[in-house]
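Here are my notes on this one, as promised. Have the coordinates open while you read.

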Amino acid sequence: MTCPAGTTPEAAGSAAARTAFLELLRTRAVVRRYTREPVDDTLLDALLDVMPAAPTAANKQAWGFVAVQDPYTVRCLRAFAPGMIGLPPLVVTACFDRDRAAREDSGPTDIGLLCVAMAVQNLLLAAHATGLGGCPVSSFSRTAVRRLLALPPRLEPVLLVPVGHPADPVRPSARRHRDEVIRHGTWTPPADDSTGPDR
Ligand SMILES: Cc1cc2nc3c(=O)[nH]c(=O)nc-3n(C[C@H](O)[C@H](O)[C@H](O)COP(=O)(O)O)c2cc1C
């Protein structure tokens, strides 16, 4: 293996891995339309594995996930979710676990929702890394999904995540300019910003 001067093959490898990982983060986008190809079991396993690896407040792990591949149930989920556009081969329902969150001195529910969102982000990034794509969907009937999936009262469905092979090329959408949303040290505008100190 050819290495830049002064680096070991291991260091060069990890630098390449770092670059690839950062590129992965930059190139992600939601995928709303899928081919009919199913998600094979090895890939499914890898995706499900990374969700509970997410950060979780006080290590409560106050979450629960239901992976659905049965085509009829997937169709039902979609029928209850106006926010789900395409028909995916897989839907993961990410839930907040009220009972686990309530143990000991618990923070607000919002914190638990953040943990679920982080687990979903892991799933979405793993999907992107493996050539799949997905979309967090918050627009759905909680009552209908709860009944369909036989969720116990302690599990609150937070996001549905349709996942599948992208039917179209994955294209990151436009973002606000980084100078508009990122500052260093304090929230002072960049030197060439003429919009004033409150912006
Ligand atoms: C909490 C949350 C809920 C969302 N709910 C929906 C949804 O119900 N339907 C949908 O099509 N997209 C949904 N999205 C995806 C956003 O529309 C999408 O992330 C945004 O348009 C930016 O596109 P990008 O992720 O490809 O950059 C949701 C995203 C988040 C973070």
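The points below go from the overall fold to the ligand, the salt bridges and a few local details.

1. First, the ground rules. This is a predicted model, so local features need pLDDT of at least 70 and side-chain atom pairs count only at pLDDT 80 or more, while totals for chains, interfaces and linings use all residues. Residues are numbered from 1 along each chain as its sequence is written, and side-chain values use heavy atoms, with hydrogens and water left out.

2. Overall fold. The chain has seven helices and four strands, taken as DSSP runs numbered from the N terminus (helices: H or I, at least four residues; strands: E, at least two). In sequence order the pattern reads α-α-β-α-β-α-α-β-α-β-α. Of the 199 residues, 34% count as buried, where buried means under 20% relative accessible area, exposed over 50%, and partly exposed in between (1.4 Å probe, protein chains only).

3. The ligand shell. Which residues are around the ligand? They are Arg 28, Ala 29, Val 30, Arg 32, Gly 83, Cys 135, Pro 136, Val 137, Ser 138, Ser 139, Ser 173 and Arg 175, each with a heavy atom within 4 Å of the ligand. The shell splits into five nonpolar, four polar and three charged residues; here Ala, Val, Leu, Ile, Met, Phe, Trp, Tyr, Cys and Pro count as nonpolar, Asp, Glu, Lys and Arg as charged, and the others, Gly among them, as polar.

4. For polar contacts, the cut-off is a pair of N or O atoms within 3.5 Å. A polar side-chain atom of Arg 28 sits 2.5 Å from a ligand oxygen atom, and one of Ser 138 is 3.2 Å from a ligand nitrogen atom. Gly 83 uses a backbone N or O atom, 2.9 Å from a nitrogen atom of the ligand. Taken alone the ligand exposes 630 Å², and the protein buries 61% of that (Shrake-Rupley method, 1.4 Å probe).

5. Salt bridges. There are six of them, defined by a side-chain nitrogen of Lys or Arg within 4 Å of a carboxyl oxygen of Asp or Glu. Asp 97 and Arg 154 pair at 2.5 Å, N to O. This pair links distant parts of the chain, 57 residues apart: Asp 97 is in strand S2 (residues 90-97), and Arg 154 is in the loop between helix H6 (142-148) and strand S4 (155-164). Asp 97 is buried at 3% relative accessible area, whereas Arg 154 is partly exposed at 34%.

6. Another link to S4. Arg 98 pairs with Glu 156, with the closest N and O atoms 3.2 Å apart. Arg 98 lies in helix H4 (residues 98-102) and Glu 156 in strand S4, so this bridge ties together parts 58 residues apart in sequence.

7. One more pair. Glu 180 and Arg 176 form a salt bridge too, their closest N and O atoms being 3.1 Å apart. Glu 180 is partly exposed at 41% relative accessibility, and Arg 176 is exposed at 56%.

8. Backbone spots to check. Most residues other than glycine have a negative phi. Ala 58 has a positive phi of about 55°, and Gln 61 has one of about 50°. Ala 58 is in the loop between helix H2 (41-50) and strand S1 (63-68), and Gln 61 lies in the loop between H2 and S1. Ala 58 is exposed at 71% relative accessible area; Gln 61 is partly exposed at 32%.

Conventions: Polar contact = N/O pair within 3.5 Å; in protein donor to acceptor, adjacent residues only side chain to side chain.
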